[in-house]
Amino acid sequence: MKILVLSAVVAFVSLMGMVHSPRTNEYQLNIPQGFPDPEIPAENKLTNERVALGKQLFFDPILSRDSSVSCATCHKPELAFTDGLPLSKGIRDQIGVRNAPTLTNIGYHNKGLLHDGGVPTLEMQVLVPVQEHTEFDFDLMLIAERMKRIPEYAKLSQDAYQRAPDPYVITRAIAAFERTLISGNSNYDKFKFQNDTSAFNASEKRGLKIFTEQLYCTNCHNGFNFTDLSLQNNGLYFEKYPLDSGRMRQTKLEVDRDLFKTPTLRNIALTAPYMHDGSIATLEEVIEHYASGGQVHPNKSKVIRPFQLTEGEKKDLINFLGSLTDYDFIQQHSD
C-alpha cells in the first residue's frame, strides 16, 4: 500500500485557506470521566450538521471508484471499527498490506495517524484511502461531483459548511464524525472512574495488577487510552519485516525501519486479528509473543523482554483486557 502523503499534503495545503465560521448548532461530545477534552481544529468545530454529514459519508460506498466499499467496510462498528481481517480489502477485492486499526478514540491520536504515524490530522487522513489504489482508488473531486447530483448531499453540505460538496467538505465532515467515536464506559472505567466496585471481578483485578505491576505493558500502553502513541518495534519478525517497513516508509531512515504506532487497547477483545499485519489471531497468542521476548531486530524496543506467566495468570490478564470492552459504545454505533 503506497501512502500518498505528498499528494495529501499538497491537497490539504490548497484547502487550508477555505475556513468558515462554525454553525451555532454545536455538537455536544460526551467526555467520559478520566478523559481529557480532545483537540478539535478551530476551522472544523463540531456541529450536529457536520457530524451527520460525516456519518452518512462514512457509511456510503459513493467514496469508492466502483461504489463497492465505504469507510465502514474496513471499520465496522460491531468490531469496534475494525474489519476482522488480517489485511483489509478494497475495491475489486484487492488486498492491502496492513490490518485495519480501530477508530476507538481516534480523535485523541494527536501524534500522527495510520500505523506509521505518517499523517498528522484526521482531515488529511481521509485523503489516504480515497487515493490509495488498493482501497477506494478514486478522487475527491469526482466524489464531490457525485454528491452534487444527490439533493440530500447538496443540502447537508450547505447546512454543515455553507457550500456545495467539495474536497473541503468531504474531508472535514468525515473527520468531524470520527472525532465523536469516544469510548470510555467499559467495566474498567466503571471500576476506575465511576467507583463501581461490582463492575470488576477478582480475575480482572488480578489481571490489572499483572498488567501494571508485573509486566512492562504500561511502558507503552498507558494513560486513559492505553497508548502513548509512540512508534515501536516489538520484535514481530526477524531483522526485516516483510511487505511493510513502517515509519521508514515515510522517513527513509534506517532508525525508523519497522517501527509502528502503539495501538490503543480499548475494545481489544473485539479487534482481532492483531499487529499491523493481522498476523496474530488471538490475545492468547499475543501474550505468547511478548512472553518469548520477540524476534531479534536492530530496532526492537528495549522493554520487550521475555517473561513467564502461569496459565491462571494468562487467563487473568486476558480477562482484564476483556474488561476494556465498551459495550455501550458498540451498541450505540451498531444501531
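This report walks through the pocket, the nonpolar cores and the salt bridges of a predicted model.

## The largest pocket

Let's start with open space. The largest pocket holds about 300 Å³. It is lined by 17 residues, and those closest to its centre are Asn-30, Pro-32, Ile-182, Gly-184 and Gln-332. By type, the lining has ten polar, five nonpolar and two charged residues.

In soluble globular proteins, nonpolar side chains tend to be buried together. Here, the largest nonpolar core has 45 residues, and Leu-53, Leu-57, Leu-63, Ile-143 and Ile-170 touch the most other members. Several helices supply at least two residues each, including H2 (48–58), H6 (140–148) and H7 (151–161). Helix H8 gives the most, with eight residues.

Beyond its neighbours within four places in sequence, Leu-63 is in contact with Leu-57, Cys-71, Phe-136, Phe-138, Ile-143, Ile-170 and Ile-174. Another core, of 30 residues, lies apart from the largest one, and Phe-226, Leu-236, Ile-304 and Leu-324 are among its members.

## Salt bridges

The structure holds 15 salt bridges. In one of them, Arg-172 meets Glu-43 at 3.4 Å, N to O. Arg-172 sits in helix H8 and Glu-43 in the loop between H1 and H2, so the pair ties together parts 129 residues apart in sequence. Both Arg-172 and Glu-43 are buried.

Arg-98 and Asp-244 form another, with their closest N and O atoms 2.5 Å apart. This pair links distant parts of the chain, 146 residues apart.

Notes. Residues numbered from 1 in each chain as written. Predicted model: local features only at pLDDT ≥ 70, side-chain atom pairs only at ≥ 80, totals over all residues. Heavy atoms only, no water. 1 Å grid on protein atoms, 1.4 Å probe; cavity = no way out; pocket = protein on both sides within 12 Å on 5 of 7 lines; lining within 4 Å. Points joined across faces, edges and corners; volume = space filled by probe spheres on them. Nonpolar A, V, L, I, M, F, W, Y, C, P; charged D, E, K, R; others polar. Core = buried A, V, L, I, M, F, W, Y, C linked by side-chain atoms within 4.5 Å. Buried < 20%, exposed > 50% of the residue type's maximum accessible area, 1.4 Å probe, protein only. Helix = DSSP H or I, 4+ residues; strand = E, 2+ residues; numbered from the N terminus. Contact = heavy atoms within 4.5 Å. Salt bridge = Lys/Arg side-chain N within 4 Å of Asp/Glu carboxyl O.
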